[in-house]
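Visitor: I am new to reading protein models. Could you walk me through this one, a feature at a time?

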Amino acid sequence: MSFFDDANLARAKEIVARYPRAKSAILPLAHLAQDQNGWLSQEAMEQIAELTGTTAADVLGTCSFYTMLKRRPCGKLVVSVCTNVTCLVVGGPEVLDHLEHRYAAEPDVTVEEVECLAACGGAPALQVNYEFHERVSPASAEEIVEAYRSGSRRARTVSGASVA
Amino acid sequence: MTETRIVTKRLHDRVDDSWTLDGSLASGGYEVLRAVLARGDAADVQNQVKLSGLRGRGGAGFPTAQKWSFLPPDSFPRYLVVNADEGEPSTFKDRMLLELDPHQLIEGITIASYAVQCSLAFVYVRGEFALGYERLTRAIDDARGQGFLGRNILGSGFDCDIVVHRGAGAYICGEETALLESLEGERGMPRIRPPFPAIEGLYAKPTVVNNVETLSTVPHIMQMGGEEYAKLGVNRSTGTRIFSVSGHVNKPGNYEVELGMSFRDLLYGLAGGIRADRKIKFIIPGGASSQWLTGSDEHLDAPLDMDFVQQTFGVMLGSGAVMVFDETVDPVLVAWRLAKFFAHESCGKCTPCREGTGWVEKVLYRMSHGLGRPQDLDLLVSVGANISPGLVNAPFVQTTICPLGPSAVSCVASINKFFRDEVLERLRNDAGVHA
Ligand SMILES: Cc1cc2nc3c(=O)[nH]c(=O)nc-3n(C[C@H](O)[C@H](O)[C@H](O)COP(=O)(O)O)c2cc1C
Ligand code: SF4
Ligand code: FES
């Protein structure tokens with residue numbers, strides 16, 4: 001049984017072919033798996049191993065180094081709130097606190113604390129599924145998350161984007 | 001006080017379409033590439049970049065032409081790897097260049113690849129930059145469609161293509177050898193040098209690693225001529241740089257200025273001064289890795305000159321970030337948050353960094369949360385000195401594989417240097433813990 005659906009399997013093969021060595025494709029394929037499934041399951045890692053000529057243990061060994069790769073199911077919305085120093089001094093921790101409490105019992109929203117998002121010019125900053133939102137407050141941050149929940153805002157998924 | 005917009009000119013002039021092929025072509029995009037390929041003199045590109053005095057904009061400030069010249073002459077294939085992993089806290093210029101002017105970067109990559117005779121380049125884009133990734137991959141497809149990339153570019157016989165690779169959340173992958181490991185599908189842990197990447201880099205082949213802003217500057221150097229470019233700036237800090245100004249200024253943002261401008265002109269002239277007319281308590285120039293400055297006249301009047309600030313104050317311009325904190329801020333709290341960052345991002349390969357960053361974070365945590373003990377500041381300095389002996393100034397004394405370890409104690413050295421009395425006073429009154 002293939003983990004990747006047909007379209008993504010074709011993409012995965014194209015991605016592997018871009019690199020002089022197949023192992024380089026582990027991270028892009030992990031992103032592709034997450035775009036399809038939301039997180040990186042054992043089945044996904046097994047298929048990535050097959051496609052890159054490595055073992056599932058190699059794939060886990062690599063992927064467990066990187067914070068964006070989720071090795072357990074998480075919410076459909078991943079809300080990443082920066083509390084690094086610029087955000088720290090203009091209200092980032094308050095935004096994090098509010099969202100963590102607000103969504104503590106809502107499994108479709110995963111709130112996480114992250115390091116500087118390179119959006120300090122618009123601090124405090126957060127991302128929802130890697131879309132940037134700047135100059136947020138606890139209240140506006142919640143409104144933004146709710147807009148994604150209701151479908152009035154959509155995030156891009158990018159891993160399958162054009163292949164060199 | 002004004003900016004000198006070279007690398008950021010298009011994105012300011014064409015706010016509606018600077019990132020598109022049309023927007024680029026309508027404002028001179030790829031004309032320099034065309035001219036360079038028509039002249040057919042790769043050595044001249046290297047020479048112009050050398051004459052320009054261009055130094056890397058990623059952090060270390062190494063002369064770009066010199067780095068290119070380290071490639072062994074007859075060894076192929078060789079690779080150009082573009083560092084778009086921008087994760088140094090408070091740096092946000094490369095994200096802007098990726099999102100708002102990807103064609104300028106592509107033109108720079110192609111010209112640089114031509115100069116160093118490389119036919120495959122990689123761009124390692126920070127995983128969180130979804131929009132930047134999307135715009136860059138789209139721009140590459142569009143550029144290939146116009147014959148600016150791919151086989152026999154513009155009929156010149158030169159082949160070059162670009163693969164975009166997304167990171168997945170690890171600051172250390174900005175360090176060039178960790179980046180190469182990550183690009184090879186490994187955990188992003190720095191390599192011991194030598195061998196340097198120029199000799200054995202990606203897939204053990206000769207490799208140049210350059211920053212996004214560095215390469216985005218290359219077309220302009222070729223257009224102006226290296227000598228003309230070198231007239232901008234000051235001393236060995238030639239040209240312009242983009243400074244990411246953040247924190248308690250009225251107008252945070254990216255400002256491209258001629259090097260040699262003073263901190264005062266950047267922060268008060270361009271960034272609008274400090275909110276509510278407060279005073280500056282301290283400044284972190286160069287990104288989280290640098291030691292700090294204060295709001296003193298001596299510091300504010302200093303020029304943005306890479307060598308001057310390093311030799312005079314032991315700080316660096318680094319990645320071009322300038323964080324400004326006003327008098328309401330607790331420097332110990334900021335130091336703790338930076339220590340937490342470095343402890344989290346340490347890759348764990350060397351003992352002093354893996355263990356030391358954790359201890360620095362723990363001690364700073366209790367100090368910043370009212371639980372400090374009287375000896376804590378000296379304890380910190382001693383732990384810090386075990387990571388970076390002497391604990392003094394940039395450039396760091398480095399006993400670790402990469403500079404992350406020593407960077408983590410910049411905040412310790414800085415609070416000890418500027419706020420020692422204030423911190424000791426506070427520790428005398430703190431509750432203390434038995435940790
Ligand atoms: C811990 C660490 C993180 C770094 N992060 C970045 C980064 O995000 N972007 C970057 O261009 N350089 C970064 N660097 C510097 C790179 O190692 C390298 O010097 C740079 O990419 C070279 O390009 P340049 O010569 O054009 O500046 C980092 C260095 C260290 C030690
Ligand atoms: S100094 Fe720290 S981050 Fe750098 S290689 Fe050593 S453990 Fe890893
Ligand atoms: S510190 Fe929060 S985005 Fe940079």
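Visitor: How many residue pairs are in polar contact between chain B and chain A?

Guide: Between chain B and chain A the count is 25 residue pairs, both at pLDDT 80 or more. A word on the background: this is a predicted model, where local features need pLDDT of at least 70, side-chain atom pairs count only at pLDDT 80 or more, and totals for chains, interfaces and linings use all residues. Residues are numbered from 1 along each chain as its sequence is written, chains are lettered from A and ligands numbered from 1 in the order in which they are written, and side-chain values use heavy atoms, with hydrogens and water left out.

Visitor: How many residues does each of chain B and chain A bring to the contact?

Guide: Contact means heavy atoms within 4.5 Å. By that rule, chain B brings 60 residues and chain A brings 45 residues.

Visitor: How many salt bridges cross the interface of chain B and chain A?

Guide: Look for a side-chain nitrogen of Lys or Arg within 4 Å of a carboxyl oxygen of Asp or Glu; that is a salt bridge. The rule finds four across this interface. One of them joins the side chains of B:Lys340 and A:Glu113, at 3.2 Å from N to O.

Visitor: Let's turn to one residue. Is B:Asn254 buried or exposed?

Guide: Buried means under 20% relative accessible area, exposed over 50%, partly exposed in between (1.4 Å probe, protein chains only). B:Asn254 has a relative accessible area of 14%, so this residue counts as buried.

Visitor: Which side chain joins that of B:Asn254 in a polar contact of 2.7 Å?

Guide: That partner is the side chain of B:Ser244. A polar atom of the B:Asn254 side chain also lies 3.1 Å from the backbone oxygen of B:Phe92.

Visitor: Where does B:Asn254 lie in chain B?

Guide: B:Asn254 is in strand 8, residues 253–258. Strands (E, at least two residues) are DSSP runs, numbered from the N terminus, and two strands pair if DSSP finds at least two bridges between them. In chain B, five strands make an open sheet of mixed pairing, in the order 8-7-11-9-10. Strand 8 and strand 10 (293–294) are at the edges, each with a single partner strand, so one side of each has no neighbour in the sheet.

Visitor: How many bridges join strand 9 to strand 11 of chain B?

Guide: Five, and the two strands run antiparallel. There, B:Pro285 stands opposite B:Val322 of strand 11.

Key:
Polar contact = N/O pair within 3.5 Å; in protein donor to acceptor, adjacent residues only side chain to side chain. Helix = DSSP H or I, 4+ residues; strand = E, 2+ residues; numbered from the N terminus.
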